[in-house]
Amino acid sequence: MKLQNQYSRLRAGAIAMVLAAVSVSAQEPMVSADATVTLPGVMSLDSCRAMALTNNKQLMMARQRVKKAEYQNKEAFAAYLPAIDFAGGYLYNQRKISMFDSDQMLPIKNFDLATQSYQFDLVKNPATGEPIKGPNGQYIPASVAYLPKEALEYDIHNVFFGAVTLTQPLYMGGKIVALNKLTKAAEGAARELETSETENVIYAVDAAYWQVVSLKAKQALASSYVNLLDSLSRNVHLMLDEGVATRADALSVDVKLNAAQVDLVKVENGLVLSRMALAQVCGLPVNTVFALADEDNTDAVPSEGVAPDGGYDMDEVFARRPDLRALEYGVEAAKQQKKVALSAMLPNVALIGSYEVSNPNLYDGFKKRFKGAFSVGAMVSIPIWHWGGNRAKYKAAEADENIRRLELSDARELVTLQVSQASFKTQEAYKTYNMTMTNLAKADENLRTATLAFREGVATTDNVMAAQTAWLKAHSEQIDAMIDVQLCQTYLSKALGTLY
């Protein structure tokens, strides 16, 4: 019962998508709300599908997601290659830089022939010949080198600097490889989701297309039913004038005729709305009117190509289903995400090279001219202790991978049930259609017999109206069965992954 409800919800959802979709083709002229655009020629189901696949906004977004994944894949590949960057700037400083806070008196050494070494030239006591200490307890030099404070002041009011750096990753714990595989999986998933969305659009177009065909057939059927009742009404009124029918007979026929005319109006309105819904899902203005190839062909149904239960190779079905392939890519992405988390616990090694320039430069005593130098080195980063944070991140990624695998397994089970349900439903639709064709022949014969008997005066108006009602019901059921066969075939193809 649940699977039958799932099919009903899917079918209802497809019709709702048809009624809600609004996508206008850029090639079509803008029209007012009251204007009607008529397309020449006859539109087949394939033509409607092609228009919808070109103009559907959901598909356009799916294609953009594919492009996004492609660019993300290219971005991940760029991490293999060296990164070259330039940084530069200007800095204004309020003060100059000075090596000393005041003038400096530096003691000097003279060469002593007696000791064959350099000795400080100190002030000595003439009486004792010993060096004299000053008030601060330090020896007093006899001569000094005078360095004024201004001699070591540098003007850094205006500083210009720049650097070109090159960074080449050597080993990043497997992160770069994992990210490349992850983005490839994301790109594959995006493509599969685009295919899945394409199938949804095709199914929505089919639902809207066959809805129009159904209502067009029911419009003709309702019109024929009105004509039958109108003819019966005229005959009964003639018989009433001749005195061979009662007033009650005429009133009952008139009531039936009025109800049939109301139903005809409802069907015509529904047909107009269904055409608008089909135009919307095809990407045309809602007031576009075009003829459908199957509007007047309600007898032909697709040949029965349904395998019995267990007759499908489910491994092949799984391989064809884009939604399952997207989930498989999701498992691969989660696996690579786990490797990215693992890389946070491994060493990272990178080669670094740079060329820095500045003005004033440090290489010529802060002269005001640009000068620079190369530098090359290596950087190693080794995580030591993060209180279990990196390990927790890895375990979370591992749990996410398990979730993805369980989702894939659950989806495969649901697809197996879906294929069985679609197969049984299609078989049931064909059986129902064959029975409605048998009932249709019987209803036609019953109406012919009742009409002939009424003309011969051996049947009442109630007998004729009952035959007409049965005829209407048989034809309506035949139309519904024919449409159901078409949609069940489409749904079965979608379940088997052969729709697109």
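These are my notebook entries on a predicted model.

**Ground rules**

I count residues from 1 along each chain as its sequence is written.

**Entry: salt bridges**

I looked up salt bridges (a side-chain nitrogen of Lys or Arg within 4 Å of a carboxyl oxygen of Asp or Glu). The structure has 22 of them.

I began with Glu70 and Arg191, whose side chains form a salt bridge at 2.4 Å, N to O. Glu70 sits in helix α3 (residues 57-77) and Arg191 in helix α4 (residues 175-242), so this pair ties together parts 121 residues apart in sequence. For helices I take DSSP runs of H or I, at least four residues; for strands, runs of E, at least two; both are numbered from the N terminus.

Next I checked how covered the two partners are. My scale is relative accessible area: buried is under 20%, exposed is over 50%, and partly exposed is in between (1.4 Å probe, protein chains only). Glu70 is partly exposed at 26%. Arg191 is partly exposed too, at 36%.

The second pair I noted is Glu153 with Lys149, a salt bridge of 2.5 Å, N to O. Glu153 is partly exposed at 27%. Lys149 is partly exposed at 22%.

Glu192 belongs to helix α4 and Arg325 to helix α7 (residues 322-343), so the pair links parts 133 residues apart in sequence. Is Glu192 buried or exposed? Glu192 is buried, with 12% relative accessible area. Arg325 is partly exposed at 21%. I also noted a network: salt bridges with shared partners join Glu70, Glu187 and Arg191.

**Entry: nonpolar cores**

I then turned to nonpolar cores (sets of buried Ala, Val, Leu, Ile, Met, Phe, Trp, Tyr and Cys residues joined through side-chain atoms within 4.5 Å). The largest has 61 residues. Cys48, Tyr209, Trp210, Leu278, Phe290 and Leu292 have the most contacts inside it.

Which elements supply at least two residues each? They are β1 (37-43), α2 (45-55), α4, α5 (247-281), β10 (288-292), α8 (389-456) and α9 (461-496). Helix α4 gives the most to this core, 19 residues.

I followed Trp210 through its contacts (heavy atoms within 4.5 Å). Setting aside residues up to four places away in sequence, Trp210 touches Leu45, Asp294, Met482, Ile483, Gln486 and Leu487.

Another core lies apart from the largest one. This other core has 16 residues, including Tyr312, Val317, Leu324 and Val415.

**Entry: cysteines**

How many disulfides does a search of the whole structure find? The count is 0. My cut-off was a pair of cysteine sulfur atoms within 2.5 Å. For Cys48, the nearest cysteine sulfur is that of Cys282, 4.2 Å away. Cys48 is buried, at 0% relative accessible area. Cys488 is buried as well, at 1%.

**Entry: Arg49**

Arg49 is placed in helix α2. At 17% relative accessibility, Arg49 counts as buried. Beyond its neighbours within four places in sequence, Arg49 contacts Ile202, Val205, Asp206 and Leu499.

**Entry: a nonpolar surface patch**

Patch residues have over 30% relative accessible area and no salt bridge; like charges are joined within 9 Å, and nonpolar side chains (Val, Leu, Ile, Met, Phe, Trp, Tyr) within 5 Å. Areas come from the Shrake-Rupley method with a 1.4 Å probe, and for residues only the protein chains shown count as cover.

Ile84, Phe86, Val164, Leu166, Tyr355 and Phe374 make a nonpolar patch of about 650 Å². Strands β2 (83-92) and β9 (158-171) each give two or more residues to it. Val164 is in strand β9. Val164 is partly exposed, at 38%.

**Entry: Pro169**

Pro169 is in strand β9. Its relative accessibility is 22%, which is partly exposed. Leaving out residues up to four places away in sequence, Pro169 touches Ala79, Leu81, Ile176, Val349 and Ala350. I also looked up Met379: Pro169 and Met379 are 210 residues apart in sequence and 9.5 Å apart in space, C-alpha to C-alpha.

How values were computed
Predicted model: local features only at pLDDT ≥ 70, side-chain atom pairs only at ≥ 80, totals over all residues. Heavy atoms only, no water.
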